[in-house]
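I opened this notebook to record what I looked up in one protein model. The entries follow the order in which I consulted the coordinates.

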Amino acid sequence: QTGLPTLIVRPYKRLLSQAVKPFRQPVGKVLIVTDVATTGRSISDAAQILWRLGTRECGAVCLWDREDGAAELLGTFNIDLHYVYAGEPAESATSVV
């Protein structure tokens with residue numbers, strides 16, 4: 001536990017907008033965490049909502065970057081995308097539980 005405020009919500013515009021209403025105070029930096037990044041649209045939508053609420057800086061981390069344009073789109077918004085794995089999964093890849 002970090003003691004930092006945490007908000008967990010699926011990145012759908014309507015749900016995100018409703019979830020952040022109680023957190024109306026401006027937050028300096030936010031890290032958006034997701035499982036998979038494909039085009040980056042969900043992450044950029046979430047960041048735009050957070051910026052409207054006063055957040056100054058957003059970053060993003062995902063487990064898997066499908067390398068389908070997410071990093072490029074997010075770069076246009078000055079959002080750095082960090083990932084654990086990138087590309088297509090190997091045929092022989094196994095799940096880690």
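Entry 1. Setting and a glycine.

Leaving aside its neighbours within four places in sequence, with which residues is Gly59 in contact? I first noted the basis of the work: this is a predicted model, in which local features need pLDDT of at least 70 and side-chain atom pairs count only at pLDDT 80 or more, while totals for chains, interfaces and linings use all residues. Residues are numbered from 1 along each chain as its sequence is written, and side-chain values use heavy atoms, with hydrogens and water left out.

I then listed the contacts (heavy atoms within 4.5 Å). Beyond four places in sequence, Gly59 is in contact with Val30, Leu31, Ile32, Ile79 and Asp80. I placed Gly59 in strand 2, residues 57-65. Helices (H or I, at least four residues) and strands (E, at least two) are taken as DSSP runs and numbered from the N terminus. For Asp80, I read a C-alpha to C-alpha distance of 5.3 Å to Gly59, at 21 residues apart in sequence.

Is Gly59 buried or exposed? I record Gly59 as buried because its relative accessibility is 17%; buried means under 20% relative accessible area, exposed over 50%, and partly exposed in between, with a 1.4 Å probe and protein chains only.

Entry 2. The whole chain.

I counted 3 helices and 3 strands in the protein. Along the sequence they follow the pattern α-β-α-β-α-β. Of the 97 residues, 27% are buried. Among contacts with a separation of 6 or more, 57% join residues 24 or more positions apart. The protein exposes about 7,200 Å², of which carbon and sulfur atoms supply 54%; the areas come from the Shrake-Rupley method with a 1.4 Å probe, and for residues only the protein chains shown count as cover.

Entry 3. The nonpolar core.

Which residues touch the most other members of the largest nonpolar core? I found Ile32, Ala37, Ile43, Cys58, Ile79 and Leu81, in a core of 13 residues. Such a core is a set of buried Ala, Val, Leu, Ile, Met, Phe, Trp, Tyr and Cys residues joined through side-chain atoms within 4.5 Å. Strand 1 (29-37), helix 2, strand 2 and helix 3 each supply at least two residues of this core. Helix 2 gives the largest share, 4 residues. As general background, nonpolar side chains in soluble globular proteins tend to be buried together.

I examined Cys58 separately. Not counting residues up to four places away in sequence, Cys58 touches Val30, Ile32, Ala47, Leu50, Trp51, Asn78, Ile79 and Asp80.

I also examined Thr34, which lies in strand 1. Thr34 counts as buried because its relative accessible area is 16%.

Entry 4. The aromatic pair.

How many aromatic pairs does the structure hold? I found 1. Trp51 and Phe77 form this pair, which is tilted, with 6.3 Å centre to centre and 35° between the planes. The rings of Phe, Tyr and Trp (its six-membered ring) pair if their centres lie within 6.5 Å; planes under 30 degrees apart count as stacked, over 60 as edge-to-face and the rest as tilted. The pair links distant parts of the chain, 26 residues apart: Trp51 is in helix 2 (residues 41-52), and Phe77 is in the loop between helix 3 (70-76) and strand 3. Trp51 counts as partly exposed, at 26% relative accessibility. Phe77 is likewise partly exposed, at 26%.

Entry 5. Positive phi values.

I noted Glu67, not a glycine, with a positive phi of about 55°. Glu67 lies in the loop between strand 2 and helix 3 and is exposed, with a relative accessible area of 53%.

I noted Asn78 too, a residue other than glycine with a positive phi near 60°. Asn78 is in the loop between helix 3 and strand 3. Asn78 counts as exposed because its relative accessibility is 67%. From Asn78 to Glu57 I read 8.6 Å, C-alpha to C-alpha, at 21 residues apart in sequence.

Entry 6. A tyrosine.

Where is Tyr85 placed? I located Tyr85 in strand 3, residues 81-86. Tyr85 is partly exposed, with a relative accessible area of 37%.
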